[in-house]
Amino acid sequence: MAPAISLQLYTVNAALEPDLDGGVRRLAEIGFDTVEAFAFVDRAAQLKSAFDAHGITAKTGHAFLVEETIPLPDGSVMTAPSHADTFAAAKELGLEIVIDPFVGPDHWTTREGVERVAARLNAAAAEATAHGLRVGYHNHDHELRPQIDGKPALQVLAGLLDPGVVLELDLYWASAAGIDVVAFIEELGDRIVAVHVKDGPMRDGISTASIPQDQTPAGQGDVDLAGALAAATALEYAVIEFDHSEGDIFDAVQQSYAWLDATLNKQEVSA
């Protein structure tokens, strides 16, 4: 069965903040019935109300599980919600997987750093099990650039995680790090249950330290999205995301949805 097509709500958060119901309605009109929640712990009830009104569910969501404090781009520091509050909100919203979206670059350059991340994800997963939830991790480029014993740090992490902890591979950032995404997915196998479907030109110097301004709708850039989707045999969720897009974001999302829907249907027919 083809994976569910989803959208990371960070993509359209600027539109959702002033008009949550209107923004969710536009997503439903595009065709989404599944989304990936963003900043959901303090607004689970409001999100669920808007989702319910428009026939949408959130099965995955991003929340910090490894770090207790997170430095923000403006120099301030965010305190992450407790695991107890995070998992309670996840259950209220109907999530299946809570995915940590970011652990800073300094933790991926040594085996000890990666072991620390793995231990914290494994501990969070043990807590999540009591709530009927799974735990995962989402990458950027900085988890894949450092090599530890000849392997990308994220691959080392995968080998240290308990079997129930999953990965959500951001295909754009993996490509930016120089990874062959198809080979990487084949290597990690069932560990990858979600991907971020994100596209754009690939060139030297792309990193999260300076987000590119020219990301494109899926299928219009240089990322081998179709190959990655075909290789991801355990895929449950194909999640569209933009870090940035020029022009109307809903139009860009609609173009990505149309490409992803056609690509997944074609692959299912040929399987």
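Good morning. Residues are numbered from 1 along each chain as its sequence is written, and side-chain values use heavy atoms, with hydrogens and water left out. Because the model is predicted, local features need pLDDT of at least 70 and side-chain atom pairs count only at pLDDT 80 or more, while totals for chains, interfaces and linings use all residues.

Let me begin with the sheet. Helices (H or I, at least four residues) and strands (E, at least two) are DSSP runs, numbered from the N terminus. Two strands pair if DSSP finds at least two bridges between them. Here eight strands form an open sheet with parallel pairing, in the order S1-S12-S11-S10-S7-S6-S3-S2. S1 and S2 stand at the edges with a single partner strand each, so one side of each has no neighbour in the sheet. From one strand to the next, the twist averages 30°. Strand S11 (residues 192-197) and strand S12 (residues 237-240) run parallel and are joined by four bridges; Val197 stands opposite Ile240 in S12.

I turn now to the aromatic rings. Rings of Phe, Tyr and Trp (its six-membered ring) pair if their centres lie within 6.5 Å; planes under 30 degrees apart count as stacked, over 60 as edge-to-face and the rest as tilted. The count comes to four aromatic pairs. In one of them, the ring centres of Tyr10 and Phe38 are 5.3 Å apart and the planes stand at 75°, so the pair is edge-to-face. Tyr10 lies in the loop between strand S1 (4-7) and helix H1 (13-16), and Phe38, 28 residues apart from it, in strand S2 (residues 34-38).

How accessible are these two residues? Buried means under 20% relative accessible area, exposed over 50%, and partly exposed in between (1.4 Å probe, protein chains only). Tyr10, at 39%, is partly exposed, and Phe38, at 23%, is also partly exposed.

Phe32 and Tyr257 form another edge-to-face pair, with 4.9 Å between centres and 70° between planes. Phe32 is buried at 2% relative accessibility, and Tyr257 is buried at 17%.

Finally, consider Asp141, in the loop between strand S7 (134-138) and strand S8 (147-148). Asp141 is buried, at 3% relative accessibility. Leaving aside neighbours within four places in sequence, Asp141 is in contact (heavy atoms within 4.5 Å) with Trp173, Ala177, Ile206, Ser207 and Thr208. Thank you.

Definitions and conventions
Axes fitted to C-alpha atoms, helices over the stretch in contact; angles between N-to-C directions.
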